[in-house]
2 protein chains.
Amino acid sequence: MATIVMKFGGTSVADIERIRHAARHVKREVDAGHKVCVVVSAMSGKTNELVAWTREAAPVHDAREYDAVVASGEQVSAGLMSIVLQEMGVPARSFAGWQVPIETSDAHGSARITNIDPKLLFDRMSAGLVCVITGFQGVSPHGRITTLGRGGSDTSAVAVAAAVEADRCDIYTDVDGVYTTDPRIVPKARRIDRISFEEMLEMASLGAKVLQTRSVELAMAKKVRLVVRSSFDDPDQVPPLGENGDWQGPGTLVCDEDEIMEKQIVSGVTSAKSEAKITLRGVKDNPGVAAAVFGPLADAQIVVDMIVQNISDDGKSTDITFTIPDAEFDKAMTVLKEAGETSLEFDSISGSKGGAKISVIGVGMRSHAGVAASMFRALSDKGINIQLITTSEIKTSVLIEEEYAELAVRALHTYYGLDMEEA
Amino acid sequence: MATIVMKFGGTSVADIERIRHAARHVKREVDAGHKVCVVVSAMSGKTNELVAWTREAAPVHDAREYDAVVASGEQVSAGLMSIVLQEMGVPARSFAGWQVPIETSDAHGSARITNIDPKLLFDRMSAGLVCVITGFQGVSPHGRITTLGRGGSDTSAVAVAAAVEADRCDIYTDVDGVYTTDPRIVPKARRIDRISFEEMLEMASLGAKVLQTRSVELAMAKKVRLVVRSSFDDPDQVPPLGENGDWQGPGTLVCDEDEIMEKQIVSGVTSAKSEAKITLRGVKDNPGVAAAVFGPLADAQIVVDMIVQNISDDGKSTDITFTIPDAEFDKAMTVLKEAGETSLEFDSISGSKGGAKISVIGVGMRSHAGVAASMFRALSDKGINIQLITTSEIKTSVLIEEEYAELAVRALHTYYGLDMEEA
């Protein structure tokens, strides 16, 4: 007998029919003898409706009241899920965040989970009940309802899994796993069977929007094994969790690197379009220059992605290039020109919109030299010009012209042997 | 400076515009220096939507989960009301039932309030905040969310008013007070300025659906002065509560009899149609006979209203007549005929649908003899035949043929001097 946390997102609980379908997945695991906690999002569309009301009430509003309003959506889906489970003969009860309790910071609207007392959950699971818990929310030290920010239900699920020492945390969503790249760009994209937390983190933050970045960070820190899988599967046609917690069904297991026997050099290729680049030439190269450049941008709420700084010829000045979303380009240029008149010294500023960031990701890079070099060669073979390069331990990213993005992704996907084999 | 509880029903918080209008009523009282608690219902229509989902989830369902789902509606309106008040410069915060806490029994779906700890409310009001409290709900001894049953928000408001020792509890609704009779039947119906709790109880249970019966009972027991008034009034055109808690605005004050100087002999006339009557003749007159008649009806969930039992000529048998809703007539006849074959002895059973119950209500009846007699005469003058009569200390009711109902109400309304004077 194992303990499992099953998380269902908004599209998986969009109406009673969908909730009933999700409940059949739960019943399968209960019938196999497992202890189960369920974490639910609000019914698809409901959170948007609630958010719209708070905006109509006042454009700028008390985050504590926003949280009280918006958190009601999960209370509804948790109650309905419990009713549906009971109707199927599965004993269940709902828990609002404050009832567990899921303790959080008081940073309303984007609170962090600080502690989950598992006592009540253990107690109810031992009594044979499925605990259906509202995702996305908790309770502050002052007893107010808090929310964790958009997509926070994934984080709730992982935190609950850590608290009840679950053998696995299954994230049911509208796709059937994590892919080597976007299947809309590369029809031969393969579903990945196993991926390490580190790789998933890079994939998540690079645009494979399957899992919230925070939930993957937490899973890595707490060693919670995640499975990304489809709630649309026929619940009777997929096997339950094995008795010893072994994974035997469809989906992608996100786990510790040690659990992955055959490490791919490259596990996935990602792309992000609409990246603008800005170059400052002849920036005075002294301590604090980076702060002088990026401080004003941060103040203007502009998120900077890739940053490259070259050593200058004379050792006195330097060139800095970085990327930002296209939509922020004009604002960023204005901010920097203004800074140039006061706190920041540089010779010239230039930039352009319409770039694409292409990344290859894989823990195997650590032990295989030359991945970056081979990537550049693969792109060069297709006549694609590389404008910027950044690398981390398990990732190499390049900036290219946007119109070459799909070509680049397909070329790299094939080059690293990720294409699905012909049936 | 006084303390006031202001309750807004579903139509008064139906959308953000309506909430804003209601909030202006609150601001008026705050600006006058009063301490205010607000009690809100769910946005009109929302509770029905939530209830429908629980039914779709399972026709028969766990009342605890029903409560968790349905109580979310007031959480939304309380949060939105707080946001709107803050936007108007009125400091406010929302309280869910469990946050106050409003402690209730664990009779989910129809819980009773057992205790309200006013400490937090006093504390927040002293700090200058308006406390916006979810109506209709509380928390059980087991920490589960409970609801009080339909219309329970009135009861919440009265209970909060008792807990914070409010000078008054204003029930804002879509009518501007309690009327001497239904204005749709009698255009000359007058709004009553003051009415006693006892009279209001009779009015409420007889179909003037302005206030929940339970809330009036509680107000009477706790001596909470109620005002029934319209939320549609222009908030700036009605005066705030007087400094000493005196009533000076529009609406109907429901209060202790002692507060009403000029007692009307009759305060109101009510009517209820679609009443069926059933007569059992020759029922064996011995102890327990009433139970033998009404037990089977109660078991069949049939609510009996008027009951008349005549003493028999021979002292051995009796005739019993009672009324029930028309819709239950066939069922009741079947139930009684079946009982006649086993546990109940009678000579014959007869009955008919299509009656109307007409009542005159007034605390003045206590000290004025002959009200019943004058009522019968007034009806007789119009050629209306009386089928049944029941009386209580402050009420006389008769059953007549349904088609005479409006005529009877108008005649009595005029007879007892309740008609509005011509302008």
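**Note on cysteines and backbone features**

1. Pro101(A) sits in the loop that runs between β3 (92-95) and β4 (102-104) of chain A, where strands (E, at least two residues) and helices (H or I, at least four residues) are DSSP runs numbered from the N terminus. The peptide bond joining Val100(A) to Pro101(A) is cis, with omega about -10 degrees.

2. Please keep in mind that this is a predicted model, in which local features need pLDDT of at least 70 and side-chain atom pairs count only at pLDDT 80 or more, while totals for chains, interfaces and linings use all residues. Residues are numbered from 1 along each chain as its sequence is written, chains are lettered from A and ligands numbered from 1 in the order in which they are written, and side-chain values use heavy atoms, with hydrogens and water left out.

3. In chain B, a cis peptide bond with omega near -10 degrees links Val100(B) and Pro101(B), and Pro101(B) lies in the loop between β3 (92-95) and β4 (102-104). As background, most peptide bonds are trans, and most residues other than glycine have a negative phi.

4. Ser274(A), in strand β13 (residues 268-284) of chain A, has a positive phi near 55 degrees. Ser274(A) is partly exposed at 37% relative accessible area (buried is under 20%, exposed over 50%, partly exposed in between, with a 1.4 Å probe and protein chains only).

5. Over all chains there are zero disulfides, a disulfide being a pair of cysteine sulfur atoms within 2.5 Å. For Cys37(B), which is in no disulfide, the nearest cysteine sulfur, in Cys131(B), is 4.6 Å away.
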